[in-house]
Amino acid sequence: MALSCMRCPAAAGAASARRAAAQPLATAAAVSFARCGGFGRSAAAAAACWRIHAVAPQGAKAPMDADVKHVVTPPTSPKVENGSPSEITLDDFEDLSALCKNDDSTVSITVVGASGDLAKKKIFPALFALYYEDCLPKHFTIFGYARSKMTDAELRNMVSKTLTCRIDKRENCSEKMEEFLKRCFYHSGQYDSEEHFLDLDKKLKQHEGFRVSNRLFYLSIPPNIFLDVVKCASKSASSVNGWTRVIVEKPFGRDSESSAALTRGLKQYLVEDQIFRIDHYLGKELVENLSVLRFSNLVFEPLWSRQYIRNVQLIFSEDFGTEGRGGYFDGYGIIRDIMQNHLLQILALFAMETPVSLEAEDIRNEKVKVLRSMKPLQLEDVVIGQYKSHTKGGTTYPGYTDDKTVPKDSVTPTFAAAGLFINNARWDGVPFLMKAGKALHTKRAEIRVQFRHVPGNLYKGSFGTDLDRATNELVIRVQPDEAIYLKINNKIPGLGMRLDRSNLNLHYAARYSKEIPDAYERLLLDAIEGERRLFIRSDELDAAWSLFTPLLKELEEKRIAPELYPYGSRGPVGAHYLAAKYNVRWGDLSAEHYKA
Amino acid sequence: MAATAALSFHPPAFSVSAHPREAAAATTRQPLHHCSPLRIVVPRTRRTRLLRARSSNGRPQISASFGTSNEVLDGMPTGDGAQGHQGGSTVSITVVGASGDLAKKKIFPALFALFYEDCLPEHFTVFGYARSKMSDEELRNMISTTLTCRIDKRENCGDKMEQFLKRCFYQSGQYNSEEGFAELDRKLKEKEAGRLPNRLFYLSIPPNIFVDVVRSASRTASSSSGWTRFIVEKPFGRDSESSGELTRSLKKYLAEEQIFRIDHYLGKELVENLSVLRFSNLVFEPLWSRNYIRNVQLIFSEDFGTEGRGGYFDNYGIIRDIMQNHLVQILALFAMETPVSLDAEDIRNEKVKVLRSMRQLKLEDVVVGQYKGHSKGGRSYPGYADDPTVPKGSVTPTFAAAALFIDNARWDGVPFLVKAGKALHTRRAEIRVQFRRVPGNLYRRNIGTDLDKATNELVLRVQPDEAIYLKINNKVPGLGMRLDRSNLNLLYSERYRREIPDAYERLLLDAMEGERRLFIRSDELDAAWAIFTPVLRELEDKKVAPELYPYGSRGPVGAHYLAANYNVRWGDITSDDSAF
């Protein structure tokens, strides 16, 4: 049973379990996989049934055709295979799912740039984890595509080195690995060659047989060849009867113009629905949980506005530098690399109004509204920094410009802090402070929500003069050690009346002993299922760029020198002065901060 | 008003305590003591204002409830009085009923703990008073068997005990004998040795002799120039009339502010913390009303019965013993409006308002139960009626559940369910706040049909294992979207390693300091009785038979039906309740 990847509401999951129990084991996994797609008005539901529709003319399932046709609108364009017919409701799906036979379809996942680092470290392991958890469809094929010559066996060898089983799921691990590797193949070819993709298409067809073929291309390649690959793959390796989807990794351009050009380029060959812009931060467990916290608890939503929230802080730090791989980074800098995408996406999720439903388009509509309500960043709202070398305990850590791949006179920021504002009714005047940096003292990603002080606090005498220092704070720590905690004031036990800030906390590792899946697993599965909630729509991307583009231009035109900070430090002090401007204190750098 | 008294227990500042201005000056010099009665640190300007606002005899400015007999002044002595006692001041604590159980188990140990923590004034004397003949040495022997040091403070424990016992004395005498107390007065004067004498009487005696002792003690053993205070334990009567009668009798001899009605539940750490949580955090107060709170549950359970000591209990029953006082007091603290300040009178004013807004309890809103014998694992546990000290046909409830309502703007329609019982499966005291469901919940499909089963809940566990936790919905980590109720929690024993002081320590210290916040004022008591008296009377008149429940069980099922009437589920008896 594929209940471990149960993405369906509990009731539907139970239904699936019941149905599976009544069926031969072979179909059980397939059925429950289909149910995995039953989240919301699922595109996977549509896809699964569309497959049937597509096969129907061949006569195999003719009797069902009529049943399906009145709910599924056949695509009008050959590119819209994966359209999500909005008429399908969950109830319709309940009826249809029994009819859908997943034996009829297959998914081929092609990792373009298979020899790259990301592919080895993240994509193949994530695919294996999904396979281990029975979350992949019964029939699937994985292809690596790259320029280097390699045999299938060599690819398998390379991939096998990075596969691991979860700590709590070691049963049959090596068997599973072997089975998985048998489904992995390699095809060598140029990225701009239609013939080479045509060869791939032939190989894919071999593996797909007569099943409905769905194809997912994961572009794990440098941005300058995005368009070439998309052109060739879509022209010569698109699925003829199933869906074809393309996952694209950042960077999505360098600014509004280049991003828009990229989008236009992609849209020459793909429709919006086929483009899956991945932001792996959105696949993190606690980012997913953010909406659950807000919308399934009564106690948070009443507080979620300017009336109670004083400021919000989005903090990202890495404890290592570019380490000899600064070539790519230097062309972008931390603002493009982290802030404009990861942090801004989290901000939008945090601040959005309640969506009509949990469906991808409803959520993305709300996120776009937030982004469009934001004020473009001004130079004075930003502090940038760059790390310099630092010697500690006999070890010398190199500065950013010591990196051989970085130009000596680079002013690319490796650290940035910014104050953003959302000019809408809910958030007017509340500073959203962002901070991102490399080579800092700690590795951390977190959201900190600082509440206002208690009006007319009866205990103000116990707090000293600065009432803002004893306010409540909600912290959502995305990594490491996922945790949620709420700082509250309470009385220190004892005869006196001394107050203390303690944490009401939920430490994930303590409560949930199972390993938390990697963000890539979730996102790959979502892409296979056509669940777009966690992917970035073109208009979101435009809105995000328009906030940062003027600032980025100004920084570059004026060649503004970053404030230097030592490798392994807490970053430039300028960040404190920036915060002070908005009457904020960084929650992560206070003296009283301790590990919850 | 705690401010001045506070200083007097800080040894170096002791002698200046009498003079407000000097006292204030002393404050600026002295660092705060750890048990400093300046427990609520009032900003300096405000403190001074408070001190100046005192009347000459230092009594608080309460408009009502001044007794007519003012010979014995409570509060700080006048400036003149203080100057007559250059040797400083002293406190004499007389435990009336010294041979009783409470005295041995709670009062003497609490006094010792205060002594160990340096919370008692430099000069103090402890007297035991009872009818039995005993020497000082015998009393010390008796006490010493129950004294203990805290686990984390064992240093010099033996020395400290010895020093403490040296200050303990005994006086035997009849409870209604003025001579007996006159004799005590002489001995007290000896020990006080010319210092400004303050006297605290702790009445650890049966209620029928309260008034006798108060009369005798107040007439012959009151302090001549310092304060004289009386701590009185429950029961404070059996109903509105008898309670009113007791108060009138006490007030013949004492002024309102000399009477310290103790409710030891109010001295519990988490009950103290309740106000801190509400009023020093922004995140709770916006939720604290009928808009967000669906119901509130106050739960008290003991895992033992009367165990051969049911004689007293049978006269009162669980409603009088637990509900009308402990639970209603906590309820009032929970539900009160924000007081003007943390001063005792401001808080008590708000509590009275809550109590007076409460609907009188009706018979149909109450379920009563009584435990019966039960055999489990080869052992049999006796029923209540098997207790030889309990009359055979007794219908006294050992369990009660009730639904209370506060008819004010904040709480209209919100059921406050209270439940108390003996001989249940667990020992527990807690407050559970169940919030409403999320309107238009986006995740309703993940929750199933009963949206009320996945609401937020705030739990303050008073005992055992003090804890605060907030049940929230969150996502189970993993690829799916399954929701889970987990706890945002604060377990005291993990965060605060030190032992939590016993409620009696706090209350004794408060009484010495004249801090009345945790003591029950006469009008509060009247209002509390007014809620329960009619139903108590009806129960007794009709001899309503309690629902029997087995010893060690979860109590009568009737409690569930009562809750169901108000669309509530008891939060402590659910299948998904984790250990927290």
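Reader: What conventions apply here?

Author: Residues count from 1 along each chain as its sequence is written, chains are lettered from A and ligands numbered from 1 in the order written. The model is predicted, so local features need pLDDT of at least 70 and side-chain atom pairs pLDDT 80 or more, while totals for chains, interfaces and linings use all residues; side-chain values use heavy atoms, without hydrogens and water.

Reader: What is the strand order in the open sheet of chain A?

Author: Start with the terms. Strands are DSSP runs of E, at least two residues, numbered from the N terminus. Two strands pair if DSSP finds at least two bridges between them. Here six strands of chain A form an open sheet in the order E3-E2-E1-E4-E5-E6, with parallel pairing. E3 (184-188) and E6 (275-277) of chain A stand at the edges with a single partner strand each, so one side of each lacks a neighbour in the sheet. Neighbouring strands are turned by 20° against each other on average, direction ignored. The angle is taken between lines fitted to C-alpha atoms.

Reader: How many bridges join E4 to E5 in chain A?

Author: Five bridges join E4 (residues 212-219) to E5 (residues 244-248) of chain A. In this pair, A:Arg215 stands opposite A:Thr244.

Reader: Is strand E14 of chain A enclosed or open?

Author: Buried means under 20% relative accessible area, exposed over 50%, partly exposed in between (1.4 Å probe, protein chains only). Seven of the seven residues of E14 (residues 473-479) of chain A are buried, so the strand is largely enclosed by the rest of the structure. E14 of chain A pairs antiparallel with E13 (residues 444-451) over six bridges. Five bridges join E14 to E15 (residues 483-491) of chain A, also antiparallel. A:Leu474 stands opposite A:Val449 and has A:Leu486 as its bridge partner in E15.

Reader: Where does B:Ser301 lie, and what does its side chain meet?

Author: B:Ser301 is in strand E7 (residues 293-301) of chain B. At 6% relative accessibility, B:Ser301 counts as buried. A polar atom of its side chain lies 2.9 Å from the backbone oxygen of B:Thr426.

Reader: How far apart are the centres of the two domains of chain B?

Author: Bounds come from an automatic or database domain assignment. Chain B divides into domain 1 (89-233) and domain 2 (266-500 + 522-565). Their centres, over C-alpha atoms, are 35 Å apart. Contact means heavy atoms within 4.5 Å. Six residues of domain 1 of chain B contact four of domain 2.

Key:
Helices (H or I, at least four residues) and strands (E, at least two) are DSSP runs, numbered from the N terminus. Axes are lines fitted to C-alpha atoms, for helices over the stretch in contact, and angles run from 0 to 180 degrees between N-to-C directions. A polar contact is a pair of N or O atoms within 3.5 Å; within protein, one must be able to donate a hydrogen and the other to accept it, and residues adjacent in sequence count only if both atoms are side-chain atoms.
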